[in-house]
Amino acid sequence: TTPLIIDTDPGVDDAFALALAVASPEVELLGVTTVFGNVALPDTTENALRLRALLGREDVPVAVGAARPLVHPQPRLSSAHGSDGLSGFRHTLPEPTAPVDARDAVTLLRELLEAADRPVTVVPVGPLTNIALLLAAHPHVKPKIARLVIMGGGLEGGNITASAEFNLWCDPEAARRVLADEDVPTTLVTMDLTSRCAVSGEWLGDLARTSARAAKLVGLTPDYLATYRRFLGIDGMAVHDAVAVAEAIRPGLLTTAAYPVDVECAFGPSRGAVVADRRLDAPAGRRVDVTTGADLPAVRDFLFERLGALGDG
Ligand code: BDR
Ligand code: CA
């Protein structure tokens, strides 16, 4: 099994990502760290704890991370995930019976990586603040990271602004540190690809009928679905973060190309946008594997197969 850590700001699609990891025998979920993002940190943490309870994995530590970006305040929260980050349906999830870990997120990440007997896949699916802090403060853990599989960015445009994808936009300085300055093997699962993997209302309805847990998960989607209906005119939703976890579980599920990548940190219409140098003569140096495609029905089927086996708990 591949050891896995998820850094997350739940978030409706984050909920699907956590469920996918728990439902997949190829990976061992070592820990979950929380970060501000879709909603404020106390809410993302509460959501992570309740999702952990729903999934019956209160043995997995959940540690609290950054409440705000490295340098500049987050201009606004996401409006896509409802008031509590779970479409206003957090209260339908079980009350946590285990507390949050006593360690902060960066400490938990460091200790889990130090203790791991094999390199660990780390999947950041929120703002990159915790990961930037970890790599800056504890660079000795880098060899223990097999790969960062990051959900973020888009080469074809953004969602929170015309040019920027939400996760990178929340903390562009942290994203630049992780994507441009560090030297850990990294796959960037962009919203270009995750949007094309969107699942339909019918898909969600079918999933809800598979088990009580799956029904709870689908019960968290109304506000998020409403956002997709309003902005994109579709009956369905992107499960961005779950696609990144799917790639971590099945390396190579998504196709990629290696590019130098940077993140716009200037204030202006492109703040938070990712810039990939796709020229054939791009300068030598760090490359990030940026997603280029996938067998889209196969990705959806994989998600359904796994989430459809969550069981009743
Ligand atoms: C990303 O932003 C968040 O709203 C989602 O949870 C996902 O991580 C998509 O742009
Ligand atoms: Ca997220």
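Tutor: Ligand 1 is surrounded by 16 residues, and the closest of them are Gly11, Asp13, Phe166, His240 and Asp241. A residue counts as near a molecule or strand when its C-beta atom, placed from the backbone, lies within 6 Å of it. The model is predicted, so local features need pLDDT of at least 70 and side-chain atom pairs count only at pLDDT 80 or more, while totals for chains, interfaces and linings use all residues. Residues are numbered from 1 along each chain as its sequence is written, while chains are lettered from A and ligands numbered from 1 in the order in which they are written.

Two or more residues of the shell around ligand 1 come from each of helix H1 (12-22), helix H5 (166-170) and helix H11. Helices (H or I, at least four residues) and strands (E, at least two) are DSSP runs, numbered from the N terminus. Sorted by class, the shell holds 5 nonpolar, 7 polar and 4 charged residues. In this scheme Ala, Val, Leu, Ile, Met, Phe, Trp, Tyr, Cys and Pro are nonpolar, Asp, Glu, Lys and Arg are charged, and the others, Gly among them, are polar.

H11 (residues 240-249) packs against helix H12 (residues 296-307) at an angle of about 90°, their axes being 11 Å apart. Axes are lines fitted to C-alpha atoms, for helices over the stretch in contact, and angles run from 0 to 180 degrees between N-to-C directions. H11 and H12 are therefore roughly perpendicular to each other, a term used for 65 to 115 degrees; angles under 35 degrees count as roughly parallel, over 145 as roughly antiparallel, and the rest as oblique. H11 contributes Ala242, Val243 and Ala246 to the contact, and H12 contributes Val299, Phe302 and Leu303. Two residues are in contact if their C-beta atoms, placed from the backbone, lie within 7 Å. By class, the contact of H11 with H12 has 6 nonpolar, no polar and no charged residues.

Leu193 belongs to helix H7 (residues 191-196) and is buried, with 28 other C-beta atoms within 10 Å. A residue is buried if 20 or more other C-beta atoms lie within 10 Å of its own, exposed if 12 or fewer, and partly exposed in between, with C-beta atoms placed from the backbone.

The next topic is the sheet. It is open and has 8 strands in the order S3-S2-S1-S4-S5-S6-S12-S9, with mixed pairing. Strand S3 (62-64) and strand S9 (254-259) stand at the edges with a single partner strand each, so one side of each has no neighbour in the sheet. From one strand to the next, the twist averages 25°. Two strands pair if DSSP finds at least two bridges between them. Strand S6 (residues 186-189) pairs with strand S12 (residues 288-294) in the parallel sense over 2 bridges, and Thr187 has Asp289 as its bridge partner in S12. S9 and S12, by contrast, pair in the antiparallel sense over 6 bridges, where the bridge partner of Ala257 is Val290. In S12, 5 of the 7 residues are buried, so the strand is largely enclosed by the rest of the structure. S4 and S5 run parallel and are joined by 3 bridges, with Thr121 opposite Arg147 in S5.

Helix H2 (residues 41-54) lies across strand S1 (2-8), strand S2 (27-34) and S3, and runs at about 155° to S2. Helix H3 (residues 105-115) packs on the sheet as well, touching S1, S2, S3, strand S4 (120-124) and strand S5 (145-151).

In helix H4 (residues 129-137), the buried residues are Thr129, Asn130, Ile131, Ala132, Leu134 and Leu135; their cover includes S1, S2, H3, S4, S5 and H6. Val178, found in helix H6 (residues 172-181), is in contact with Leu128, Ile131, Ala132 and Leu135, leaving aside its neighbours within four places in sequence. The C-alpha atoms of Val178 and Leu135 are separated by 7.9 Å, although the two residues are 43 residues apart along the chain.
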